[in-house]
Amino acid sequence: MAATTKVVLLDIEGTVCPISFVKDILFPYALQALPGTLNTQWDSPAFARYRDAFPAEHAASREAFAAHVEDLTRRDVKAPYLKSLQGYLWEKGYQTGQLKAPLFPDVAPRFASWKREGVTVVIYSSGSVPAQKLLFAHTNGDPADLVPDIAGFFDTVNAGPKTEAASYEKIAARFPEDLAGECLFLSDNVKEVEAAKLAGMQSFVVERPGNAELSAEARQQHRVIQSFAEL
Ligand SMILES: CSCCC(=O)C(=O)COP(=O)(O)O
Ligand SMILES: [Mg+2]
């Protein structure tokens, strides 16, 4: 991390918490909560905004809706309307304590030191902004709620796809002028790192237990870190 770095932009899955938390805990939780939610809330105004964001053919019936959610989840499609629904379905799990985000051990301490150093922490994930806030409000860290230490949240709705340079340019444009050129993006996804670099950000690949194997080319072209403590 350059001495001039003023903003750290963080991916979530595979960067601050294990991919298995998302794939093996969060996704199954949402699928399990879905039938009850559809039975009791299908026509409720609170649920209508999630239902109506789905393509009409998949929102024609509870059955079609459930089948589409299952298919998208199985294929890990990052459709904004699915991500938004997932955030809604996870709410109760976080509130009851059934869901708690297992951050890698270096994450919360580094948040604290970045705060002391005056470095701004911002999140950019395919998960919806409400889902991001739930996750960071309910972690295994100390303190468990890291939301007060996060200055901004970006997703594919308010920034755009994570593999496109334009999304990072849009995010940088939201920072005060003196911070925009001093941003470090950290992600497990090499394509995201390449897009951030194209947009003029500094960016490193984060290699965590359970992540996909990195190619030799990726290791050659990008700095790879295993822990935020290396920064
Ligand atoms: C915001 S928590 C759930 C994470 C999620 O749904 C997801 O798709 C993670 O993608 P990321 O961009 O953080 O790798
Ligand atoms: Mg990721």
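**The annotated binding site**

Author: Asp 11 is placed in the loop between β1 (7-10) and α1 (19-41), where helices (H or I, at least four residues) and strands (E, at least two) are DSSP runs numbered from the N terminus. The model is predicted: local features need pLDDT of at least 70, side-chain atom pairs count only at pLDDT 80 or more, and totals for chains, interfaces and linings use all residues. Residues are numbered from 1 along each chain as its sequence is written, while chains are lettered from A and ligands numbered from 1 in the order in which they are written.

An unreviewed UniProt entry lists Asp 11, Glu 13 and Asp 188 under "binding site"; such positions follow the numbering used here, feature names are shortened, and annotations may be inferred rather than shown by experiment. Although these residues are spread over 178 residues of sequence, they cluster in space, with a largest C-alpha distance of 7.8 Å.

Asp 11 is buried because 22 other C-beta atoms lie within 10 Å. A residue is called buried with 20 or more other C-beta atoms within 10 Å of its own, exposed with 12 or fewer, and partly exposed in between, the C-beta atoms being placed from the backbone. Not counting residues up to four places away in sequence, Asp 11 touches Tyr 124, Ser 125, Leu 186, Ser 187, Asp 188, Asn 189 and Glu 192; contact requires C-beta atoms, placed from the backbone, to lie within 7 Å.

Glu 13 also lies in the loop between β1 and α1. Glu 13 counts as buried because it has 23 C-beta neighbours inside 10 Å. Leaving aside neighbours within four places in sequence, Glu 13 is in contact with Ile 19, Val 22 and Ser 125.

Technical notes. Contact = placed C-beta atoms within 7 Å.
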